[in-house]
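This report covers a sheet and the aromatic contacts around it. Please have the sequence and the model open while reading.

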Amino acid sequence: MEVTRSKQSVHLDQEERQATDRCCTPCPDSGEIGGLSKDQKITAAVQPSNKDEEKSLQMSTPPEGKVRRSFVSLPALNPERLKTAKNLVDKAVRMHKVFSVQGPYPVIRASLKARGWVEQRMPRPNHHAHQRHIDEGRASSNDGGDTDDDEDNSDTVEKEQDPDGLYDLMSRLVRNEMVYFYWTNRRDAINNNSLQKEQIINHFAKAGSFTTKVGLCVNLRNLHWFDSADPNTFFPRCYRLGAQDEKHTFIEDYRRTACTSFLKYIVERDQGVLVEGTSHHTGAVRKRSKRRSRPVVLSQMINSALKVCQEFLESLEHRDIDINLETPQTLTEDEWAEFINSYYLVVHGGAKMEDSDHYVACCKDMLQRMGEVSPQLDIDGIHNIWIIKPGAKSRGRGIKCTKRLDQILRLVDGDPNLIKESKWVVQKYLERPLLVHGTKFDVRQWFLVTDWNPLTVWFYKKCYLRFSTQPYSLDTLDSSVHLCNNSIQKHLTPSIQRHRGIPADNMWSDDQFRTFLFSQGREGQWQTVVIPGMKKALIHALQTAQDLMDSRKNTFELYGADFMLGQDLRPWLIELNVSPTMAPSTPVTARLCAAVQEDTLRVVLDRRTDRTANTGDFQLIYRQAAVDVPQYVGVNLLVEGFKIRCPCPLPPLRSSNRSATKRRGPTKEKEPATERVKPLPKMLLKNAETQLKNISSGVPPPPLRPDPPVSVPIESFELHLPMTVKSIHLPMSAQPHSVLLWKRRPEVSKVCAERVQPCTVEKDQRPSLSLEITGPKQTRQAATSTLSA
């Protein structure tokens, strides 16, 4: 809708007019300004005086019979406010304090503005297109990392406290300035290759090497190269089912765990221990056990389980290296199938067995030996439950728990694309976690990485607990019982059977949990077991990914780690998340998330200018020595050598046999051996030249005669054609010469001439003429005997 421009003349100085034009110019990245479309024309005017206002009102009154059209205008520009905005913007630009934030982070915006920063607002993406882009990106690439920030696509518009519009005006004034601080909720929002050295961003490149389920699973296996710690002491064992070798290893692990679980079942049944959270002796289970197809032979099952465990212990002690490959396995495939089915009937189905008192002692002894080499034996339980996770998804999507091997393999084999990309991971489920009032929970712990070389890690002293809405039980494997992600539990209604001590919003602060531990007489273990265990697990996880990360300076990243606690309060790392949610969904998160954001800026910004600045609740827990990175590691492309001189076609005078052998060595095998011709003496030079002229004219050469000064008689010889003169070496002076080489073939009467490149002969060399003759045998013999004389 077109707006009629007011006839009121606006008089501004040149500087204010330029600022007004800038603040009213639409941003090229966005299609809207102030809620208006691009085809609408907007005019900003300075606040008029009273007389001007009355005159403007009279002029704006529509003529009689005309309908007045309504129009939308921007707030009037106050010169004093404009001047204040310009001064603040100039100071911020001069001090490199221009920032940009993507996503609803009001705490970050408010904290930066309080420090004198000015925001350059980023365009707001389309909701549906942006959500589809995020889901496709996470499904197609492991580098995206796991994130639980599902508030980034909320349609709720953040309402800032800007009554006079000063911040909005300042944001428009810096829209063409360089941004020196980026805070985004997605790594791909900023192109790292186009960043300047002084620009600060809140995401490292290639973080998917340890923030995805697949990356964390693979990297922690290499911990022995970085530290002497065992990852099995803080990370449940995990396998990629897309890799055939790991799939085979998982099947072996599942079978061995079934053996140890069965042995524990025998011992605990004898002791009358009722495992917390299980109720497999219900009537429904007894009804299922009656439908078993065959009886269970207890002695055979215990014997098989003991043999499998013994074989595993011997393999750890390397006693199996001398075993012949043709030695049959402990259990065949048919025997394994029979054992697993019997295990399901007994442990899962509650089938009755014969008396096992006389087997308890040997089962206890084997479990004790297995516990010495298996740190996860206590958390394994007896049901052999595993949790399956799609490696590229987050917020608990697609995660399932199951306890049957065939179901696990069938679930994974159903999607060939995930198998090809190795994105399915299966991890041992903690069947016996620490429970609060009979309810499962996990711990969200923040940590901050400000540099990868040297690796610098900050640990946040505060954390919070997330509860499930249902009481813990192994009778059902529903996600409402076993997954504590807030993105899942917030859509569920808490069970009426859950303890009243668990709040309706399913969250506790760490202070509330410490109060619970105090009531259990275990408060001291928070500082002696839980906190040190979480710190060590995080440091080890970061060490294994250090070589795979981009160590760009002026970069930091805030991560969220999820832990579960065992019954002994030992923390177990479950996963790491990039862009942890900062939504104030509960009173606990509203307080803690705001504090962690403020303290992050204290570490990243305040500490840059003052090393003694307050870092809030962030504690520096690890800083290693800097590692020298070579400038280039690759193929050495340097070529070394020396200049090759042009070979002389006329070699120096040497012994005829020796020089000829060296000169004609390579061609000796290809041509028939010919008798060597000695070089002509000086006195025959003229006669040889005469002979060459006669050869060129087709006349047989006359006998060679020595020059008169020579007193030694030389026999003459005749060169009878047909023959071929291959090479001639003539005595020469030290000056360059040109020599004609002539060739004559029996079948061709025409003589061809070939010019040889000039060659400079040094003084100490004695060039000579060498004549080599080929032809009929009699002719060659006569010529050779004559020349030899």
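Are Phe250 and Trp386 buried or exposed? In this predicted model, Phe250 is buried, and Trp386 is buried as well.

Trp386 belongs to strand β5, while Phe250 sits in helix α9, so their pairing ties together parts that are 136 residues apart in sequence. Helix α9, residues 244-271, lies across β4, β5 and β7 and runs at about 145° to β4.

The sheet itself is open and has four strands, ordered β4-β7-β5-β6, with antiparallel pairing. Its edges are β4 (238-240) and β6 (400-402); each has a single partner strand, so one side of each is left without a neighbour in the sheet. From one strand to the next, the twist averages 25°. Within the sheet, β5 (residues 386-390) and β7 (residues 424-428) run antiparallel and are joined by five bridges. Lys428 in β7 is the bridge partner of Trp386. Lys428 also lies over the face of Trp386, at 5.9 Å from the ring centre. Elsewhere, Lys113 lies over the face of Tyr167, at 4.6 Å from the ring centre.

The structure holds 22 aromatic pairs. A pair of aromatic rings is described by the distance of the centres and the angle of the planes. Two of the pairs are tabulated here.

| Pair | Centre distance | Plane angle | Class |
|---|---|---|---|
| Phe250 and Trp386 | 5.1 Å | 85° | edge-to-face |
| Tyr343 and Tyr344 | 6.0 Å | 50° | tilted |

Tyr343 and Tyr344 are both buried. One aromatic cluster is formed by Phe441, Phe467, Trp508, Phe513, Phe516 and Trp526.

Technical notes
Residues numbered from 1 in each chain as written. Predicted model: local features only at pLDDT ≥ 70, side-chain atom pairs only at ≥ 80, totals over all residues. Heavy atoms only, no water. Pairing = 2+ DSSP bridges. Helix = DSSP H or I, 4+ residues; strand = E, 2+ residues; numbered from the N terminus. Axes fitted to C-alpha atoms, helices over the stretch in contact; angles between N-to-C directions. Contact = heavy atoms within 4.5 Å. Phe/Tyr/Trp six-rings, centres within 6.5 Å; stacked < 30°, edge-to-face > 60°. Buried < 20%, exposed > 50% of the residue type's maximum accessible area, 1.4 Å probe, protein only. Lys NZ or Arg CZ within 6 Å of the ring centre and 35° of its normal.
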